[in-house]
Amino acid sequence: MALFVNHLSHIDVSLWCPAKGLIGCSWQVDAQLDGELGEDGMLFDFGEVKPWIKRTLDNGLDHTLLVPINAPGVEVTDCDEGICIRTASPYEMEVRGPAQAFSLLPWDNITLERVTRYLSAQLTEQRPKNVHNVTLVLKDECIDGAAYSYTHGLKRHLGNCQRIAHGHRSRLYIWQQQARQPALENHWAAWLDNRYLLEKADIESQIDGKLTCRYRSAQGTFSITLPQDRCCILPKPTTVENIALWLANNIAQHSGHKTLVQAFEGIDKGATAEALP
Ligand SMILES: Nc1nc2c(c(=O)[nH]1)N=C([C@H](O)[C@H](O)COP(=O)(O)OP(=O)(O)OP(=O)(O)O)CN2
């Protein structure tokens, strides 16, 4: 007997890719549980399945930086902040923060299949009675038009979004004169893709083409150093509201047209903002 729950949750993380560097990801989570029926005629109450799996994901891998510790050039050490991750290629990066902000994985590369197997095994280990096996299915959202990935941290967020290197993969819609503008959507999504988004006030230094962003938040002290040309500096916190506003202002100014931007933060949520040239 198998029980399934589709669209159970989302996972928003960033990962270090030895070929591309820092990549933001948003994955839709479906779950299947195999087991036996209890006396109540249920394998596991839906009302309990969802919070159990969501809680396990939220307290584990979600909103962390996934680090393939066996990838070439990746080095992990202890530091005053907790853990320090250094990378060598395709660019040099250093991230520091409390241990809970990182998922250190014994692989040379992070793939969706590996993460799926890892999480399924973790949930199966903690399974309740009646359940023999838990299988998760993680999927990228299917996006027809423009999409971009980014990494950021929100120091004022009371939850795990305060972690300096978590990310999202998001749609981008841009309207001018009541019509979608696919060329602008593709241009801005390509420009933003795989960048690190940060608030100007958090810049600690900009030296020799490298930018360091550092802040203290409820979970501890975080810092990230990476090439300046991989960054996008916003005047305010990098909430999706401010990303939409920043894009609307820039696009209106460049194009000379009133612009409406619908920016997503991962899957199925986001903010809209309008700007005049
Ligand atoms: N109004 C806003 N609220 C939040 C923003 C934001 O930009 N504007 N951003 C965040 C974080 O960046 C976070 O990464 C979003 O996390 P989310 O997936 O929403 O986390 P939840 O656990 O709350 O949601 P699930 O998708 O159900 O896991 C937070 N808030």
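Start by colouring the two domains: select 2-140 for domain 1 and 152-275 for domain 2, with bounds that come from an automatic or database domain assignment. This is a predicted model, where local features need pLDDT of at least 70 and side-chain atom pairs count only at pLDDT 80 or more, while totals for chains, interfaces and linings use all residues. For your selections, residues are numbered from 1 along each chain as its sequence is written. The C-alpha centres of domain 1 and domain 2 are 24 Å apart.

Next stop, the place where the domains touch. Here 28 residues of domain 1 are in contact with 23 residues of domain 2, contact meaning that C-beta atoms, placed from the backbone, lie within 7 Å. On the domain 1 side, pick out strands E1 (2-17), E2 (21-35) and E6 (93-97), which each give two or more residues. (Strands, E, of at least two residues and helices, H or I, of at least four are DSSP runs numbered from the N terminus.) E2 brings the largest share of that side, seven residues.

Now click on the ligand. There are 13 residues around it, and the closest are His-10, Asp-12, Cys-161, Thr-239 and Val-240; to count as near, a residue needs its C-beta atom, placed from the backbone, within 6 Å. Show E1 and helix H4 (240-255) too, as each supplies at least two residues of this shell. E1 gives the largest share of the shell, three residues.

Why does the ligand lie between domain 1 and domain 2? Both domains give residues to the shell around the ligand, so it sits between them.

Note on methods:
Two residues are in contact if their C-beta atoms, placed from the backbone, lie within 7 Å.
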